[in-house]
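Student: Please take a close look at a single part of this structure and describe its surroundings.

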Amino acid sequence: MRHGESQGNLNTAAYTTTPDHSIQLTAQGMTQARHAGEQLRRVMGGDGCSPDWRVQFYVSPYGRTRSTLRELGRHFSRKRIIGVREESRVREQDFGNFQVEERMKVIKETRERFGRFFYRFPEGESAADVFDRVSSFFESLWRDIDMNRLRHDPSNDLNFVIVSHGLTSRIFLMKWFKWTVEQFEHLNNFGNCEFRVMQLGSGGEYSLAVHHTEEEMLEWGLSPEMIADQKWRATAIRGDWNDQCPWYLDAFFDHLPDDDAVENEAETNSLSVCA
């Protein structure tokens, strides 16, 4: 989930006098967070969910994300929440220190020409840098799940909610679903307090297509091929490989022969030329 509307979203001049991590929610942002909490509660306790479901929260240390969590948490009882972990690795992309408004406008225009993923802000980070720290968090999250560090009864549904930022959330999805840099560049940002549900499919793989519609995924910037992969994941057996996914293999080559016969013929021609 992305945080609610912040003072910086409302007026970028706020970044010139207030450190990014101290930017707070607006009144509208707090309302958005409470509404999102209600929506999340319905998702976790909806039809087909175990009656004794639990939730673990991870939250960026920034003021606006912690306030978002505080407001959405009004819809959860203590017995439902396993715990909260403040996680610096899911913080906002670092844009530098105090941001001079006119300078940042020029810098962001340059980023559009250079490419969002690899452009590094002066005194700050690139999206590629964010990818590296999110990858580290990714491994910790998997250990929490696979090693049952939360000591959760496996017979009950376990939910993880990550309250973060727009770019960081897109990077997380990119890492999880093995999307390419080009695919990332086409993704649209989350709206304030929007969230994406990665739900466990019938075969044990996580997918956006279990909870969300094709129309929603198109609006987010997923290509038809990416959506097809999400639909495949909804029923795929955990550990299976999607042979129809072009960015797993075919997108990296001009042409690959279907069998060794063509390959052997190419080797023979190569040898005769060398002779």
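Student: Which residues does V43 touch, not counting residues up to four places away in sequence?

Tutor: This is a predicted model, in which local features need pLDDT of at least 70 and side-chain atom pairs count only at pLDDT 80 or more, while totals for chains, interfaces and linings use all residues. Numbering runs from 1 along each chain as its sequence is written, and side-chain values use heavy atoms, with hydrogens and water left out.

With that exclusion, V43 touches C49, F195, V197 and H211; contact means heavy atoms within 4.5 Å. Of these, H211 is 168 residues from V43 in sequence, with 9.0 Å between their C-alpha atoms. V43 belongs to helix α2, residues 27-44; helices (H or I, at least four residues) and strands (E, at least two) are DSSP runs numbered from the N terminus. V43 counts as partly exposed because its relative accessibility is 26%; buried means under 20% relative accessible area, exposed over 50%, and partly exposed in between (1.4 Å probe, protein chains only).

The nonpolar cores come next. A nonpolar core is a set of buried Ala, Val, Leu, Ile, Met, Phe, Trp, Tyr and Cys residues joined through side-chain atoms within 4.5 Å. The largest has 32 residues, of which I171, F172, W179, F184, L208 and L222 touch the most other members. The elements α5, α6 and α9 each give two or more residues to this core.
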